[in-house]
Amino acid sequence: MVIKVVKNFFSRIFSGMFRGNRELRLGFYGPPNAGKTSLANRVCKDFTGEEIGTVSKIPHETRNVQFKEKVEIDYKGKKLMFKMIDTPGIATKIDYEEFLKYKVKKKDAKKRAKEATQGVIEAIKWLDDMDMVVIVLDATENPYNQVNITIIGNLVARKIPILIVANKADLGKADVKKIESAFPEYDVVGISAKTGKNMEEFYESVFKISKKI
Amino acid sequence: MSQKSKVKHLGKLKGFSIQFLPFSEIKDLDSDERIKKILNIVLGNNILIQQGKLKAEEEARLIGDTMAMIDHIKGFQGVELAVIDNGGNDGIWGKFKKNIANTIIGGNLGAITIIGPATIVKEIKRNPKKIELLLNR
């Protein structure tokens with residue numbers, strides 16, 4: 001036990017020393033349509049002026065892992081360099097007929113479903129390569145979803161620091177407190193990636209969580 | 001609404017069965033074999049109620065393998081999955097005791113895992129106090 005504590009202490013000191021100006025790999029994970037790309041876009045736009053990917057009301061718009069390198073977040077005089085990694089939404093089921101509701105043609109819907117399944121597999125593979133992860137949840141949806149629990153469980157098993165974001169907090173149906181009570185052991189920030197509501201608190205939390213790396 | 005009309009609204013359910021899998025059946029299997037066994041049961045149009053729970057890494061692999069199967073098995077749309085685990089408010093001492101017990105037993109027997117094919121199970125609704133299986137007609 002004592003050896004483990006000493007080992008952890010030195011490992012933190014040394015990882016901090018050698019981290020230097022290395023980019024921290026910041027992953028955006030969560031279920032489909034929670035607003036992962038919207039949030040990643042907002043951060044990238046705030047600090048680089050460019051977006052990372054396209055957003056859509058149709059689920060599984062992001063079907064490949066997308067990156068934006070050298071994103072330097074500057075918050076209250078503190079600076080950190082990130083590699084932003086936006087991942088496809090993780091789901092346990094994908095039915096092409098769901099996309100037909102959004103007036104997608106059958107052929108395109110089938111293609112989208114096939115790409116979405118590959119995207120989920122890719123997102124899971126990338127779990128090993130993150131330094132820290134922002135889990136983006138839709139604050140208007142029930143947080144007691146096994147996908148959310150599975151993602152968190154995998155990050156905890158890999159000792160990757162987690163920040164939970166309750167997105168869409170600008171909507172009337174949003175219930176940030178429900179997400180906080182579902183995951184009491186983690187930092188939860190209620191934001192709106194669309195309107196920019198509470199982004200200051202988000203950046204503050206990112207800096208706070210980065211200290212755990 | 002009268003009882004008769006309530007019954008009428010239930011409609012006909014597609015054929016399926018519910019299978020219970022005791023933990024002893026998967027205890028000695030490695031991760032590959034566990035996932036294979038679980039998916040075989042689900043692919044047979046069964047709702048699986050498994051004693052215990054998979055490791056977090058196994059759950060992620062189960063999701064990955066499920067996605068790969070959607071591409072290869074006609075009509076398969078994936079699964080609905082929920083784990084009921086009364087481990088939220090144990091406190092540090094409670095968690096410590098539970099971890100020791102789980103290590104001795106070789107798994108978390110206090111948990112229950114429910115997995116069903118998405119063609120049969122529309123949604124598993126859960127909150128801290130209850131769990132509901134909504135089935136497709």
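Some conventions come first. Residues are numbered from 1 along each chain as its sequence is written, while chains are lettered from A and ligands numbered from 1 in the order in which they are written. Because the model is predicted, local features need pLDDT of at least 70 and side-chain atom pairs count only at pLDDT 80 or more, whereas totals for chains, interfaces and linings use all residues; side-chain values use heavy atoms, with hydrogens and water left out.

I begin with chain B. Its secondary structure comprises four helices and six strands, where helices (H or I, at least four residues) and strands (E, at least two) are DSSP runs numbered from the N terminus. Along the sequence, the order is α-β-α-β-α-β-α-β-β-β. Of its 137 residues, 34% are buried; buried means under 20% relative accessible area, exposed means over 50%, and partly exposed lies in between, with a 1.4 Å probe and protein chains only. Chain B exposes about 8300 Å², of which carbon and sulfur atoms supply 56%; the areas come from the Shrake-Rupley method with a 1.4 Å probe, and for residues only the protein chains shown count as cover. Contact here means heavy atoms within 4.5 Å. Among contacts between residues at least 6 apart in sequence, 69% join residues at least 24 apart.

Two residues of this chain deserve attention. B:Q50 is in strand β2 and is buried, at 0% relative accessibility. Leaving out residues up to four places away in sequence, B:Q50 touches B:L21, B:F23, B:I26, B:I38, B:A111, B:I112 and B:T113. B:G52 is in the loop between β2 (46–51) and α3 (56–72), and B:G52 is also buried at 0%. Beyond its neighbours within four places in sequence, the contacts of B:G52 include B:F23, B:N108 and B:L109.

I turn now to charge pairs. Side chains of opposite charge can pair when their charged atoms come close. A:D131 is buried at 8%, whereas A:R22 is partly exposed at 38%. Together with A:R25, these residues are linked in a network of salt bridges.

A second bridge in chain A joins A:D187 and A:K208, whose closest N and O atoms are 2.8 Å apart. A:D187 is in the loop between α6 and β6 (188–190), and A:K208 is in helix α7.

Finally, which residues of chain A have a positive phi without being glycine? A:N33 has a phi near 65° and is in the loop between β1 (24–29) and α2 (36–48). A:K159 has a phi of about 55° and is in the loop between α5 (146–157) and β5 (162–167). A:N33 is partly exposed at 30%, while A:K159 is exposed at 73%.

How values were computed
A salt bridge is a side-chain nitrogen of Lys or Arg within 4 Å of a carboxyl oxygen of Asp or Glu.
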